[in-house]
Amino acid sequence: MPVGAASARGTMAAMTTDTTGTVARHGEPRRGGPADSPFVRACRREPGPHTPVWFMRQAGRSLPEYREIRANVPMLESCRRPDLVAEITLQPVRRHGVDAAILFSDIVVPVAAAGVDLDIVPGTGPVVAEPVRTADDVERIRPIGRDDVSYVDEAVRLLVAELGDIPLIGFAGAPFTLASYLVEGGPSRTHAKTKALMYGEPELWHALCARLAEVTLSFLRVQVDAGVSAVQLFDSWAGALSEADYRRYVLPHSTAVLSGLADAGVPRIHFGVGTGELLGAMGEAGADVVGVDWRTPLDVATRRIGPDKAVQGNLDPCVLLAPWPVVETEVRRILDQGRAVPGHVFNLGHGVLPETDPDVLTRVVALVHELSARPVE
């Protein structure tokens, strides 16, 4: 399928795109563009021609073309090459016909740009050379600007031109999840060191999260200024906390990021894993859309979040490994639940698993579009 209405190379020189997603040719504005796409309309709780669908980790190891292009290229290097970022981001759009692209990157890219010595180790994840444990460690995390992540700015601009009417989602890791990597030194099942610092040295904890919120906000601002149509804040590990601890130690810093984008003119999505009991608090952080994992039904989730937020989700990624009749039944169930919420973006409850058959994802997109098609005035 064509990537978008503007994907023909011959039209690129005649097009400009502003940060609201309104496209113009030869200086004349036209209606439509990413800001009028089904995805952005759903994020704003406005009616659209169908329920939009995209998948977290849609650009990744489930695609043979991704594995081919990433062969022998380290993860951080691939995130710093605009041409590679653009190609990987576009792959699932071409293959699946999803309603939005999400920038190919990693949540530790901005903290690496801020001076943290880390690497993304295959089979492990981010590994930090010197974990953050003291006030001096926090001070070494420096603020970042566009020049520090110019490769992200360039990649977004390339993609916005190529995608045309299809919106591009920018993203970043939330302060708590970034802090957990920096304190633990890498991935953790228990987050024991993170919680020990949080409970035992709350002033240091808040200083660390405030610094990470500043870095995260700057990183997202670069993406917005370059033309993304929405942003998603990933708080992958927030589900390790109670609601009381989330409100005390995390919510102020996630709020700083999301409220800092209140004037950006793009929808803000907030997502975490295992956060069913935190959905109400997460909805207070300032997002327009709250992502829901597979554990909480969408109709239950929206009662916790409130009717003034759209929701995103929430097919269990493992369902995609089941026979097609099972997949179809679950897709229908989630769409039925989504009709009861003020705005629904169909997605998984977490990322696409590497062993997923890409053809199943393509079929899910087509099924969602077919089942949710509706007339729009």
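**Close-up 1. Strand β8 and the strands paired with it.** Strand β8 is joined by 5 bridges to strand β9 (residues 268-272), and the two run parallel; here helices (H or I, at least four residues) and strands (E, at least two) are DSSP runs, numbered from the N terminus, and two strands pair if DSSP finds at least two bridges between them. This is a predicted model, in which local features need pLDDT of at least 70 and side-chain atom pairs count only at pLDDT 80 or more, while totals for chains, interfaces and linings use all residues. Residues are numbered from 1 along each chain as its sequence is written, and side-chain values use heavy atoms, with hydrogens and water left out. Are the residues on the two faces of β8 covered or uncovered? Both faces are covered, with Ala230, Gln232 and Phe234 buried on one side and Val231, Leu233 and Asp235 buried on the other, where buried means under 20% relative accessible area, exposed over 50%, and partly exposed in between (1.4 Å probe, protein chains only).

Close-up 2. His191 counts as buried, at 5% relative accessibility.

**Close-up 3. Ser254 and its surroundings.** Ser254 is found in helix α12 (residues 251-259) and counts as buried, at 0% relative accessibility. Which residues is Ser254 in contact with, leaving aside its neighbours within four places in sequence? They are Ala174, Pro175, Leu233, Asp235, Tyr246, His270 and Ala285, where contact means heavy atoms within 4.5 Å.

Close-up 4. Rolling a probe the size of a water molecule over the atoms shows where empty space is left. A search of the whole structure finds 1 cavity of 30 Å³ or more, a cavity being a set of points, on a 1 Å grid over the protein atoms alone, where a 1.4 Å probe fits but cannot get out, and lining residues having an atom within 4 Å of a point. About 40 Å³ of space lies in the largest cavity, the volume being the space filled by probe spheres set on the points, which are joined across faces, edges and corners. The lining includes Pro34, Leu159, Val160, Leu163, Gly227 and Ser229, and helix α7 (residues 150-163) gives the most to it, with 3 residues. By class, the lining has 7 nonpolar, 3 polar and no charged residues, where Ala, Val, Leu, Ile, Met, Phe, Trp, Tyr, Cys and Pro count as nonpolar, Asp, Glu, Lys and Arg as charged, and the others, Gly among them, as polar.

**Close-up 5. Salt bridges.** The count comes to 21 salt bridges, a salt bridge being a side-chain nitrogen of Lys or Arg within 4 Å of a carboxyl oxygen of Asp or Glu. In helix α11 (residues 243-249), Glu243 and Arg247 lie 4 residues apart, about one turn of the helix, and their side chains meet in a salt bridge at 3.0 Å, N to O. Glu243 is partly exposed, with a relative accessible area of 36%, and Arg247 is partly exposed as well, at 31%. Elsewhere, the side chains of Arg268 and Asp288 meet in a salt bridge at 3.1 Å, N to O. Arg268 lies in strand β9 and Asp288 in the loop between α13 (279-283) and β10 (289-291), so this pair ties together parts that are 20 residues apart in sequence. Arg268 counts as buried, at 11% relative accessibility, whereas Asp288 counts as partly exposed, at 23%.

Close-up 6. The peptide bond from Gly313 to Asn314 is cis, with omega near -5°, and Asn314 lies in strand β11 (residues 310-315). Asn72 lies in the loop between α2 (64-70) and α3 (75-79), and its phi is near 70°, a positive value in a residue other than glycine. At 80% relative accessibility, Asn72 counts as exposed.

Notes:
On a 1 Å grid over the protein atoms alone, a cavity is a set of points where a 1.4 Å probe fits but cannot get out, and a pocket is an open set with protein on both sides within 12 Å along at least five of seven lines; lining residues have an atom within 4 Å of a point.
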